[in-house]
Amino acid sequence: MKTVFKRPHALKDKHMHYCPGCTHGIVHRLIAEVIDELGIEGKTIGVASVGCSYNNYEYFNCDMAQAAHGRAPAVATGIKRVNPGNVVFTYQGDGDLASIGTAEIVHAAMRGEKITTIFINNAIYGMTSGQMAPTTLINQVTTTSPFGRKPELHGYPLKVSEMLATIEGAVFVERVSTHDIKNILNAKKAIKKAFQVQMANLGFSIVEVLSSCPTNWGMNPVKALAWIKENMIPYYPIGNLKGKDLEV
Amino acid sequence: MGKKLLMKGNEVIAEAALRAGCKCYFGYPITPQTEIAHYFAKKMPEYGGTFIQAESEVAAINMVYGAASAGARVMTSSSSPGISLKQEGISYIAGAELPAVIVNIVRCGPGLGGILPAQGDYFQAVKGGGHGDYKMVVLAPSSVQELYELTVEAFNIADKYRIACMIMGDGILGQMMETVEFKDKEEIISADKSWALTGTKMEREQNVITSIYIDPEVLESHNLKLQRKYKLIEENENRVEIFNCEEADVIITAFGTVARIIKNVIKMAEKEGIKIGLIRPITLWPFPNEAFEKYATVPKAFLSVELNAGQMVEDVRLAINGKNKVFFHGRMGGMIPTQNEILDKVKEILKG
């Protein structure tokens, strides 16, 4: 009998705690599949951050550190500099990376740290119950922007990938989405390339993954995926911003 | 012993760290400790280690967290305002039980304060500073020679107990030049680091470095484990210098550079027939309570002299536990008490 579908070895056989319809689980699986395909589980070290995925070391099989809010790129820097032969990735949300951790992500990119960041952008703070994030869209209602995000009060949503793409040390930058199968497959390709860029010692690599948060968006999972397509992608266009043609 | 060299305190810290096997230094410029970073920047390549001038103190301490997680001997250094920024990371390092050495060359506060010597960070260092129930070992050298010896020691203590170890000096100690005699070879303990993040190599279970335990029973048992470790350190690691205390009229207690002034006061007082003793805590945590208990009833009174508004004096009073009077004399803002000023205070106490 031929096996056509199984759990990647890099992912533990555990129920995840994420809400129904949340795309964290999909992204975890994509990372694990990439780790398996590259045969790097034994030398991969992940860095979990603060937010809904704070304990994703419960799901990945590789060595992992848990970092303070926003500090994962600094922690990953320390790990990678001690063990340059390891593959080191951070897994961060948009509150973590785009707000409290802006200095750490910008400077890890500036130094061209040979690490890979998986950046989950769902336009909201998930774990702390739906506050406005720097990535929250204009007019989006959150618990701290109950009348919608207003440019005159809150400014415009931050386009992190575009910003990081201006930095020399960031050699691979791509934005992907999880709202349908085709895009999920593209997301996996980008994650794989980002890891390969690190393994080739080319510099800092990041994949921004547009993700859903049905619970805090107040939608069912199907509507949430449609909301990514209809509202997020027009503001956060998907595609490669840098490093598409890098030879790995 | 090796040859004697004339060196600046801050440079000796970096040299001692390299001799102790420090492979990573992460820091951010701030006066009066920046020579530590200069020395590492120049010398670290010879040792095959990592030097990073971080984007902030917050990033530097989190790089320490990462490098310590990966099993390396690692150091950061700063001065008071920068140490305040590091408190978040120090609490996480304590929670995750990582070995790390942190140097604070203390300057005056509060706020930006001034760049001159002070001891106003005593509370921050020994009572917490960051959030949660934790301790770090705090070493307070009073000479450049001791700065060297205690820096090496700090790495051993950090590795032995998986704890953050702080070296607390001040602007005098960091900036002054004194002779220092280096050993030919340092005594470096070999610590088990099978917990470190190195990659599983598909040969062992996953290692995880974390400070979060959502289940309250698990978190309480983690806290109790930390407290047992702190108790063990209190029993084994407290260090103190006791000088001239046997028949003292007054015992002065002081740490770091202030203790040097006290030794001159002792000589001045002898000429006037006044016997002064000195208890100099070398570890500020664990605090050398036994030394105070031993001499509690010997003098007519204790006097704590500090470069702050009265911080260590609280621990002295706890150690004396009502068995004697405890007075305080302090200067702030970078002002240093003179020998005469301290002797006058002693005479005032003896007059009653």
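Predicted model: local features only at pLDDT ≥ 70, side-chain atom pairs only at ≥ 80, totals over all residues.
Residues are numbered from 1 along each chain as its sequence is written, chains are lettered from A and ligands numbered from 1 in the order in which they are written, and side-chain values use heavy atoms, with hydrogens and water left out.

A pair of aromatic rings is described by the distance of the centres and the angle of the planes. Rings of Phe, Tyr and Trp (its six-membered ring) pair if their centres lie within 6.5 Å; planes under 30 degrees apart count as stacked, over 60 as edge-to-face and the rest as tilted. Over all chains, 13 aromatic pairs are found. Tyr235(A) and Tyr236(A) are edge-to-face because their planes meet at 85 degrees, with ring centres 5.0 Å apart. Tyr236(A) is buried at 0% relative accessible area, whereas Tyr235(A) is partly exposed at 23% (buried means under 20%, exposed over 50%, partly exposed in between, with a 1.4 Å probe and protein chains only).

In chain B, Phe287(B) and Phe292(B) are stacked, at 5.3 Å centre to centre and 10 degrees between the planes. Phe287(B) is buried at 9% relative accessibility, and Phe292(B) is buried at 0%. Back in chain A, one aromatic cluster is formed by Phe60(A), Phe89(A) and Phe195(A).

Charges also meet rings here. A charge sits over a ring if NZ of Lys or CZ of Arg is within 6 Å of the ring centre and within 35 degrees of the ring normal. Arg162(B) lies over the face of Trp195(B), 4.2 Å from the ring centre, and the charged end of Lys263(B) sits over the ring of Phe243(B) at 5.3 Å from its centre.
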